[in-house]
Amino acid sequence: MFHGAAAHSASCRVCLFWIRNKNKKRIQTTNRKVHIMNKLLATLLAGVFATAAYAQTATTPAANPDVAKEQAKANKDIAKAEAKEAKKAAEADKDVAKAQAKADEKKAKAHAKVDKEHAKAAEKVAKADPEDKLKAEAKGDKEVAEANAKAMKVDAKQDAKVAKEKAEADKDKAQAAAKTAEVKGKAMADVKAEAAKH
């Protein structure tokens, strides 16, 4: 029982008894709450593990013959599309290699002409009289410069042709890849639609 502030002292037995009992009840209440929380937590964890175990076993659906048939058809369509894509890519690479070989051949011919002009110019300079050597060198240099210019034009033209062929090949490959992706998407959608029916 509580006394007035004036009559209250630190050694009052009634107050000490009341304080001790109040603290005991707090401790008992706290222990009971902790015990209940532990049980609740254990129950929740058991539920989580049980759900996870059930979910793992439930994800493997029973083999339905219609779904299996649709899956086989999808795999066949996908394999066919991938084969077409590979064939298209091989054809494109073949065309690029062919264009590169043709370009290299034309470049080699143009550079051979340059080498031939160099040899002709050197021969003319060697055969020229001492007083005509400068004139022969100037003429030879002019002919070599013209041959170099022609060779550079051939190089540029052939490089452009090869680049165009590569761009065409890349375009063809991209279109084939897009077609394959479309077939894959449709096939998987058909499988899911069939599975949804059952």
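## Basis of the model

Because the model is predicted, local features need pLDDT of at least 70 and side-chain atom pairs count only at pLDDT 80 or more, while totals for chains, interfaces and linings use all residues. Residues are numbered from 1 along each chain as its sequence is written, and side-chain values use heavy atoms, with hydrogens and water left out.

## Overall architecture

The chain contains three helices and zero strands, and reading along the sequence gives the pattern α-α-α. Here helices (H or I, at least four residues) and strands (E, at least two) are DSSP runs, numbered from the N terminus.

Of the 198 residues in the chain, 17% are buried, where buried means under 20% relative accessible area, exposed means over 50%, and partly exposed lies in between (1.4 Å probe, protein chains only). The chain exposes about 15700 Å², and carbon and sulfur atoms supply 61% of that area; accessible areas come from the Shrake-Rupley method with a 1.4 Å probe, and for residues only the protein chains shown count as cover. Among contacts (heavy atoms within 4.5 Å) in the chain with a separation of 6 or more, 79% are between residues 24 or more positions apart.

Is Ala110 buried or exposed? Ala110, which is placed in helix α2, counts as buried because its relative accessibility is 11%. Leaving aside residues up to four places away in sequence, Ala110 touches Ala151 and Val154. The C-alpha atoms of Ala110 and Ala151 are 4.9 Å apart in space, although these residues are 41 residues apart in sequence.

## Salt bridges between and within helices

Side chains of opposite charge can pair when their charged atoms come close. In the whole structure a search finds eight salt bridges, each being a side-chain nitrogen of Lys or Arg within 4 Å of a carboxyl oxygen of Asp or Glu. One of them joins the side chains of Lys173 and Asp93, at 2.6 Å from N to O. Lys173 lies in helix α3 and Asp93 in helix α2, so this pair ties together parts that are 80 residues apart in sequence. Lys173 counts as partly exposed at 29% relative accessibility, and Asp93 is also partly exposed, at 39%.

Another salt bridge links Lys124 with Glu143, whose closest N and O atoms are 3.8 Å apart. Since Lys124 lies in helix α2 and Glu143 in helix α3, the pair ties together parts that are 19 residues apart in sequence; Lys124 is partly exposed, with a relative accessible area of 40%. The side chains of Glu182 and Lys186 also meet in a salt bridge, at 3.2 Å from N to O. Glu182 and Lys186 are four residues apart in helix α3, which means that about one helical turn separates them. Glu182 counts as partly exposed at 36% relative accessibility, whereas Lys186 counts as exposed at 52%.

## A positive surface patch

Lys94, Lys98, Lys102, Lys106, Lys157 and Lys161 form a positive surface patch. The elements giving two or more residues to this patch are α2 (65-127) and α3 (133-197), and α2 gives the most, with four residues. Patches are made of residues with over 30% relative accessible area and no salt bridge, with like charges joined within 9 Å and nonpolar side chains (Val, Leu, Ile, Met, Phe, Trp, Tyr) joined within 5 Å. Lys and Arg count as positive and Asp and Glu as negative, while His and the chain ends are not counted; the place of a charge is taken as NZ of Lys, CZ of Arg, CG of Asp or CD of Glu.

Within the patch, Lys106 lies in helix α2 and counts as partly exposed because its relative accessibility is 34%.
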